Amino acid sequence: WWIFSRLKSDEFDLDQPSVHQTSGFDQQSGSDQKLLQRLVAEAKRPVLYVGGGCLNSSEELRRFVELIGIPVASTLMGLGSYPCSYEKFALLMLGMRGTVYANYAMEKSDLWLAFGVRCDDRVTGKLEAFASRAKIVHIDIDFAEIGKNKQPHLSICGEVKLALDDLNSILDEKQKFGNNKFNLDFSTWRKELNEQKVKHLLTFKTFGDAIPPQYAIQMLNELTGGKAIIGGLGAMGFRLPAPHGASVARLDAIVVDIDRGGPRRPQEGPPLDIDGDGSFIMNVQELAKITVENLPVKIMLLYNHRLGMVVQWEDRFYKANRAHTYLGNPDKESEIFPNMLKFA
């Protein structure tokens with residue numbers, strides 16, 4: 001473990017980063033404990049910002065949230081590390097495709113506890129404007145990610161699971177965060193965020209006869225009874241080839257994006273792949289493998305004639321200047337490429 005403390009204060013003079021190696025939090029001098037303790041004690045609007053580095057530490061993360069009472073926002077890669085069903089603390093996903101209230105929390109926060117994250121641009125948008133008033137505690141196993149995009153006030157290079165285990169031990173045994181001395185109570189902050197949840201419900205607009213992708217996925221969820229396994233979330237082009245191996249590994253489940261082969265239980269539907277047209281054509285040759293291996297794959301194609309994520313980025317940051325992100329002219333059928341109806 002490496003501890004980097006960068007908070008200017010009377011107690012911690014950190015014009016130059018102090019660096020020391022330890023097996024966890026520095027139990028001997030306690031300087032990093034005191035710093036983290038002070039940051040949390042002084043915070044009024046803290047947020048836990050968790051990413052893929054927390055996926056193997058779900059139990060420790062849940063315990064930490066129970067002990068400290070801070071709301072949790074997750075990156076796409078961090079989904080599942082903290083249960084979305086725990087509505088008291090869960091803000092769901094943040095970033096460009098996240099919830100309004102998760103992004104509201106990050107913008108209004110005065111302290112991030114950033115665990116297993118890399119401050120990706122799909123979360124931050126414009127870095128200089130993103131949560132500019134918050135102090136940052138960053139824990140990550142990859143040294144290169146610490147301070148790369150946002151400079152932390154306290155950073156720990158190490159495994160999140162071990163760090164959380166240390167933190168929970170401190171909280172449990174010494175009760176340094178929960179006693180009357182520090183009087184941690186973030187209920188007012190959570191109430192403010194709950195009001196945002198009510199104000200910005202997860203709904204979507206409809207457009208006459210057009211089928212919004214949210215509606216299509218909602219119908220799929222209803223048809224499968226919510227039993228489908230969601231997978232294939234990765235780099236563009238990954239979604240079509242990803243299901244094939246998993247269809248062999250999970251013979252007894254409905255797999256959405258990750259296909260299922262083998263016998264089907266009565267309540268289950270066919271294996272499905274949900275794909276955007278831009279992603280689909282990047283590895284369209286995988287259709288040959290589906291045929292050769294006789295995989296029972298069904299494909300739901302969200303067909304909007306564009307590279308949707310990139311178009312969103314162009315709209316937000318580049319004044320809608322297009323860089324070959326439309327797959328032909330959607331207003332002229334003869335100029336759309338490729339013709340997905342012919343694939344079907």
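These legends describe close-up views of a predicted model of one protein chain.

**View 1. The whole chain, for orientation.**
The chain has 12 helices and 12 strands. It counts 344 residues, and 44% of these are buried. Among contacts between residues at least 6 apart in sequence, 58% join residues at least 24 apart.

Helix 6 runs over residues 187-199. Its 13 residues, at 1.5 Å a residue, should span 18 Å, and the end C-alpha atoms are 18 Å apart, which agrees. Which residues of helix 6 are buried? They are Trp-189, Arg-190, Leu-193, Gln-196 and Lys-197. Seen down the helix axis, these buried residues fall within an arc of 110°, so they line one face of helix 6. An α-helix has 3.6 residues a turn, so residues three or four places apart point the same way. The face of helix 6 turned away from the buried side carries the exposed residues Thr-188, Lys-191, Val-198 and Lys-199.

**View 2. The packing of helix 6 and the end of helix 3.**
The buried residues of helix 6 pack against strand 3 (46-50), strand 5 (90-93) and helix 3. Helix 3 covers residues 100-108, and Lys-108 lies in this helix. Not counting residues up to four places away in sequence, Lys-108 touches Arg-45 and Trp-189. Trp-189 is one of the buried residues of helix 6. Is Lys-108 itself buried or partly exposed? Its relative accessible area is 36%, so Lys-108 is partly exposed. The C-alpha atom of Lys-108 is separated by 7.0 Å from that of Ala-131, a residue 23 places away along the chain.

**View 3. Asn-168 in helix 5.**
Helix 5 spans residues 160-174 and includes Asn-168. The relative accessibility of Asn-168 is 6%, so this residue counts as buried. What does Asn-168 contact, leaving aside its neighbours within four places in sequence? The contacts are Glu-60, Arg-63, Phe-64 and Leu-67.

**View 4. The largest cavity.**
The chain contains three cavities of 30 Å³ or more. About 50 Å³ of space lies in the largest cavity. Its lining is made up of Val-72, Ala-73, Ser-74, Leu-79, Gly-80, Tyr-82, Pro-83, Cys-84, Ala-90 and Leu-92. Strand 4 (72-74) and strand 5 each supply at least two residues of this lining. Strand 4 gives the most, with three residues.

**View 5. Two cysteines, Cys-54 and Cys-84.**
Cys-84, one of the residues lining the largest cavity, has a relative accessibility of 41% and therefore counts as partly exposed. Cys-54 is at 0% relative accessibility, so this residue counts as buried. A disulfide is a covalent bond between the sulfur atoms of two cysteines. How many disulfides does the model have? The count comes to zero.

**View 6. The second largest pocket.**
About 250 Å³ of space lies in the second largest pocket. The residues lining this pocket are Phe-280, Leu-287, Val-297, Lys-298, Ile-299, Leu-301, Tyr-303, Met-340, Leu-341, Phe-343 and Ala-344. Strand 12 (298-302) and helix 12 (340-343) each supply at least two residues of the lining.

**View 7. The loop between helix 11 and helix 12.**
Lys-319 is found in the loop between helix 11 (308-317) and helix 12, and Ala-320 has its place in the loop between these helices too. Phi of Lys-319 is near 55°, a positive value in a residue other than glycine. Ala-320 is not a glycine either, and its phi is positive at about 60°. Where the exposure of Lys-319 is concerned, the relative accessible area is 82%, so this residue is exposed. Ala-320 has a relative accessible area of 36% and is therefore partly exposed.

How values were computed
Residues numbered from 1 in each chain as written. Predicted model: local features only at pLDDT ≥ 70, side-chain atom pairs only at ≥ 80, totals over all residues. Heavy atoms only, no water. Helix = DSSP H or I, 4+ residues; strand = E, 2+ residues; numbered from the N terminus. Buried < 20%, exposed > 50% of the residue type's maximum accessible area, 1.4 Å probe, protein only. Contact = heavy atoms within 4.5 Å. Expected span 1.5 Å × (residues − 1). Arc of directions from axis to C-beta. Disulfide = S-S within 2.5 Å. 1 Å grid on protein atoms, 1.4 Å probe; cavity = no way out; pocket = protein on both sides within 12 Å on 5 of 7 lines; lining within 4 Å. Points joined across faces, edges and corners; volume = space filled by probe spheres on them.
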